[in-house]
Amino acid sequence: MINPLPGLPEFDYIQPTSLEEASHFLAQHPAEARPFLGGTDCFVHMRDGAWKVKYMVDIKNLDGVKNISFAPAGLTIGASVNMNQVIASPDVNQYYPLLAEAAHSVASYQLRTRATIVGNICNASPAGDTIGACIVYEGQLHIYNSKGSRTEPLRSFFTGPGKTILQPGDIVTAISFPIPPAGHAGKYLKLGRNKLGDLAIVGVTALGYPDKAVPSGFSFKLALASVAPVPLVATQAEALLANKPLSEATIAEAAQLAMDACTPIDDVRGGARYRKYMVRNLTRQAISDVWDRIR
Amino acid sequence: MSFHRINVTVNGTTEQVDVPSNMTLLQMLREKLAVTGTKNGCAAGECGACTVLMNGEPVNSCMVLAAECNGAEIVTVEGLSHENKLDPIQEEMIKAGGVQCGFCTPGVLISARALLNRNPKPNEFEIRDALVGNLCRCTGYIRIIEAVKNAANRSA
């Protein structure tokens with residue numbers, strides 16, 4: 001459909017000069033102001049009329065959000081680092097390949113010039129493509145607030161579709177990741193309606209590594225997209241894989257637990273029942289693939 | 001609603017423009033500067049008809065605020081040719097028959113130019129991957145991909 005009116009509804013574009021100023025402004029206008037980075041989700045919601053926003057607060061040019069850096073402690077990706085920069089980063093490709101792969105599966109090159117990992121997370125779509133990789137790599141969000149900053153694990157960040165634990169005045173300035181465990185391998189399986197550029201009908205991200213601290217000798221992290229009100233961590237399946245000797249049967253059992261944990265919806269991309277079965281199949285496939293490489 | 005005075009370079013010419021907060025880069029190009037080669041299709045960042053280069057990288061201009069473009073360098077399809085000579089990708093698109101109705105063409109050309117700038121020798125997958133965000137309902141893409149291949153071979 002050709003949209004005859006490309007215009008956005010009226011709002012004021014705000015360019016704060018510091019994080020403190022931005023945080024103050026956002027705290028003063030909790031219902032009317034939104035921070036934004038690339039705007040790739042925001043502008044769509046605003047055009048659709050789903051969001052009524054009076055102030056759009058541009059935080060992407062502030063100090064402290066622009067860099068991607070790798071150190072012995074791990075990787076830090078600033079909020080305004082775009083997805084193409086992440087995909088092109090040698091450190092990301094070497095140590096966090098699932099993140100590059102997941103980012104590459106987002107929309108198109110020109111959209112990824114604007115789209116960011118932190119924006120993808122804060123938009124809190126259950127289908128967010130890069131969220132699974134950020135969860136299995138144990139991402140930590142750095143949250144600035146003029147009243148006091150803090151760090152929160154990504155695993156407990158989401159509270160509902162589009163909803164997070166962020167409070168008025170909070171600004172996520174970066175996400176950081178520890179060095180992945182020794183001997184790790186990962187797999188990202190995204191089921192879309194076509195090979196490239198689509199949203200996920202179902203997304204499965206699996207990371208596994210040898211771990212002497214658990215009975216099975218292997219730990220797995222499993223994140224599922226588009227199958228629950230929030231990006232889902234398949235904790236029961238993770239526990240089973242840590243505790244029961246690994247075999248094809250154990251992997252099938254874990255995949256069934258992942259399927260049982262899902263509460264997907266029917267939508268234009270796929271039915272709930274289809275999604276559940278795809279979670280089982282793709283989870284089994286992802287875990288098997290990872291296990292083959294770490295056993 | 002607030003207005004913003006910005007300085008923006010479009011195809012080599014610097015312009016000072018007053019833009020309202022909610023004006024997109026696409027609207028500014030077409031309606032303020034009368035640079036109408038760039039098209040509006042979906043207005044949602046999906047079809048790529050509005051693709052332009054912003055500081056050397058392709059963006060969907062329907063998804064960028066004009067007010068964000070202060071100090072930016074924008075190149076549209078009108079800026080691809082130099083001294084009355086078409087860009088190689090433009091010539092190859094004509095030769096390959098990669099243009100039918102033409103509505104997607106300005107965006108395709110910009111995405112293809114951006115690809116060749118960052119990767120002068122793309123393989124077919126890389127070409128398809130780079131053009132995922134440019135929908136064409138006429139050609140079936142085959143001739144567009146041929147054109148990009150031929151343009152890449154020319155710069156050998």
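Reader: Take Ala43(B). Is it buried or exposed?

Author: Count neighbours. A residue is called buried if 20 or more other C-beta atoms lie within 10 Å of its own. Ala43(B) has 26 C-beta neighbours inside 10 Å, so it counts as buried. Keep in mind that this is a predicted model.

Reader: Where in chain B does Ala43(B) sit?

Author: Look at what comes before and after it. Ala43(B) lies in the loop between α1 (25–32) and β3 of chain B.

Reader: Which residues of α5(B) are buried?

Author: Ile144(B), Ala147(B), Val148(B), Ala151(B) and Ala152(B). Now look along the axis.

Reader: What covers the buried residues of α5(B)?

Author: Look for the elements in contact with them. The cover includes α2 (88–96), α3 (105–118) and α4 (124–130) of chain B.

Reader: Now zoom out. How is chain B divided into domains?

Author: Read the bounds off the domain assignment. Domain 1 of chain B is 3–79, and domain 2 is 88–154. Their centres, taken over C-alpha atoms, are separated by 21 Å.

Reader: How many residues of each are in contact?

Author: Count each side on its own. Domain 1 of chain B gives 13 residues, and domain 2 of chain B gives eleven. On the domain 1 side, β3 (51–54) and β4 (57–60) of chain B each supply at least two residues. The most comes from β3(B), with three residues. By class, that side of domain 1 of chain B has seven nonpolar, four polar and two charged residues.

Reader: What is the domain assignment of chain A?

Author: Chain A has domain 1 (12–58), domain 2 (68–178) and domain 3 (185–294). Take the pair of domain 2 and domain 3 of chain A. Their C-alpha centres are separated by 20 Å. The contact joins 21 residues of domain 2 of chain A to 18 residues of domain 3 of chain A.

Reader: Which element gives the largest share of the domain 2 side?

Author: That is α8(A), with five residues. The elements giving two or more residues to that side are α5 (97–104), α8 (131–136) and β8 (158–160) of chain A. The residues of that side divide into twelve nonpolar, six polar and three charged.

Reader: Next, sheets. In what order do β11, β12, β13 and β14 of chain A lie?

Author: Follow the pairing from strand to strand. The four form an open sheet in the order β11-β12-β13-β14 (chain A), and the pairing is antiparallel. At the edges stand β11 and β14 (232–233) of chain A, each with a single partner strand, so one side of each has no neighbour in the sheet.

Reader: How many bridges join the strands of each pair?

Author: Go pair by pair. Seven bridges join β11 (residues 185–191) of chain A to β12(A). There, Gly186(A) has Leu207(A) as its bridge partner. Eight bridges link β12(A) and β13 (residues 218–225) of chain A. Here Pro210(A) is partnered by Phe218(A). Two bridges link β13(A) and β14(A). In that pair, Leu224(A) stands opposite Leu232(A).

Reader: How many residues of β12(A) are buried?

Author: Start with the general idea. In a regular strand the side chains alternate between the two faces of the sheet. Now the case here. Strand β12 (residues 202–210) of chain A has seven of its nine residues buried, and is mostly covered.

Reader: Last one. How many residues does each chain give to the contact between chain A and chain B?

Author: Chain A gives 25 residues and chain B gives 31. On the chain A side, β1 (12–14), α2 (42–48) and α6 (109–112) of chain A each give two or more residues. That side has twelve nonpolar, eight polar and five charged residues.

Technical notes: Residues numbered from 1 in each chain as written. Chains lettered and ligands numbered in written order. Predicted model: local features only at pLDDT ≥ 70, side-chain atom pairs only at ≥ 80, totals over all residues. Contact = placed C-beta atoms within 7 Å. Nonpolar A, V, L, I, M, F, W, Y, C, P; charged D, E, K, R; others polar. Buried ≥ 20, exposed ≤ 12 C-beta atoms within 10 Å, placed from the backbone. Domains from an automatic or database assignment. Pairing = 2+ DSSP bridges.
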